[in-house]
Each structure stands twice: as C-alpha cells, then as structure tokens.
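Here is a short briefing for a reader new to this structure.

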Amino acid sequence: MLAEERSVDMYKLSAYFSARNISDLPLDLILPIIVLVIICVMVGLRPSYIAFSQNMLTVFLCILAAQGLGLIIGVAFMDVKKAKILASIVLMTSMLSGGFFIQKGPFFMSWLRNISFNNYDSYQHHCSSDSCSPPFIRELRIDHSGLEVWAMMPMIIGYRPVAYLSLRRTKIMTVA
C-alpha cells in the first residue's frame, strides 16, 4: 500500500511515518496496562499507584525502544522472512545479555547488557520495596532509581530517526 501511494505522490514519507508512529501509541499504551494489571493481581504485588506508574513507564519505554529497533530491521530488509530471522536473533541476544535467562554471562559479552532494552525492562527493575510483596521477587530487587528510563532514552530517540532515514534511502518498488 505504501509503495502504491508513494508512487503517485499522495503524501510525503515523513507524514506517513509520523502518522503511523502516532496512531500506534494508544494501542501501545492500552494493551500493556491491561497485561500489567493482570500480572500485578496474579503475582500479588502490593497495590500502589506510584509503583504501578513506574512499572508502566518502564514497560512503555521498552515497547517504544523495541518497536524502533523492529522498524530498523524491517526497513533494512524489506523482506518479511529475512526481517523475522534477524529480529529473532537480535531479540534472543537481547534477552540473553539483558539478564532474562542468564544473570552473569561471559566477560567479553558484558557490554551487550548495557545496550539491551531487555536489561532495563525486567522484574529486577520493576520491583522496589514499596511495590513487591512476594519474597521471590524481593530477592531480585535492584534499585537503579530511574536508570532504566535514562538508559532507554537514547534507544527511543535514536532508533526511529535511523529507521526513517533508512526508509527514505530505500527504493520501494510498486507491485503490479
């Protein structure tokens, strides 16, 4: 659809890209709220508006960072099959290095932890003494006092412009 509409100059690419990103925001916010409410009830987190808001902010920022990275991968290949393969590799690497499966990895891969958005969106960062009541979550507690927000900002701010510039350079072929 984008290729056909761009071929007849219906609108600028920047208008499409901006509208697409803005129109995705409500759904990107509503679904995580629903999931986070369910998780909080199932896990037994102490009901606190501040703790829930902090958790929601971290999840929302992680979603924006992951979408930006996904946009870059999608634009880089413009082929669903290749993009899925690379996205799977990048996501698994991010999960592994971010502490999702392994808490301490090999020293030569330790730098990956800092660029992994999964590192900043885990129970370790969501739980503070005010928000967590189950002991198994309290044991994972690491107080970074807002580090995850500041660490994800370069990802959020940087990924989308890179995706847009890549999309501008990509020659979109029309399907006849």
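In this predicted model, helix α2 (residues 13-43) and helix α3 (residues 49-77) have axes that come within 10 Å. The two axes cross at roughly 135 degrees. That angle makes α2 oblique to α3, because it falls between the perpendicular range, which ends at 115 degrees, and the roughly antiparallel range, over 145.

**The α2-α3 pair**

- The crossing of α2 past α3 is right-handed.
- Which residues of α2 make the contact? They are Phe 17, Asn 21, Leu 25, Asp 28, Leu 29, Pro 32, Ile 33, Leu 36, Val 37 and Cys 40.
- From α3, the contact is made by Phe 52, Asn 55, Met 56, Val 59, Phe 60, Ile 63, Leu 64, Gln 67 and Leu 71.
- By type, the residues of this contact divide into 15 nonpolar, three polar and one charged.
- Asp counts as charged, and Asp 28 of α2 is among the contact residues.
- Two packed helices are described by the angle between their axes and the distance between the axes.

**Ser 18**

- Ser 18 sits in helix α2.
- Is Ser 18 buried, exposed or partly exposed? Its relative accessibility is 36%, so Ser 18 counts as partly exposed.
- In sequence, Ser 18 and Tyr 164 are 146 residues apart.
- In space, their C-alpha atoms are 9.4 Å apart.

**Met 78**

- Where does Met 78 lie? It belongs to the loop between α3 and α4 (80-97).
- Met 78 has a positive phi of about 55 degrees, although it is not a glycine.
- Most residues other than glycine have a negative phi.
- With a relative accessibility of 45%, Met 78 counts as partly exposed.

**The whole chain**

- How many helices does the chain have? There are eight helices, and zero strands.
- From the N terminus on, the order of elements is α-α-α-α-α-α-α-α.
- The chain has 176 residues, and 33% of them count as buried.
- Consider the contacts in the chain with a separation of 6 or more: 63% of them are between residues 24 or more positions apart.
- The accessible surface of the chain is about 11,500 Å².
- Carbon and sulfur atoms account for 69% of that surface.

Methods:
Residues are numbered from 1 along each chain as its sequence is written. This is a predicted model: local features need pLDDT of at least 70, side-chain atom pairs count only at pLDDT 80 or more; totals for chains, interfaces and linings use all residues. Side-chain values use heavy atoms; hydrogens and water are left out. Helices (H or I, at least four residues) and strands (E, at least two) are DSSP runs, numbered from the N terminus. Buried means under 20% relative accessible area, exposed over 50%, partly exposed in between (1.4 Å probe, protein chains only). Contact means heavy atoms within 4.5 Å. Accessible areas come from the Shrake-Rupley method with a 1.4 Å probe; for residues, only the protein chains shown count as cover. Axes are lines fitted to C-alpha atoms, for helices over the stretch in contact, and angles run from 0 to 180 degrees between N-to-C directions. Angles under 35 degrees count as roughly parallel, over 145 as roughly antiparallel, 65 to 115 as roughly perpendicular and the rest as oblique. A crossing is left-handed if the near helix is turned anticlockwise from the far one by less than a right angle, and right-handed if clockwise.
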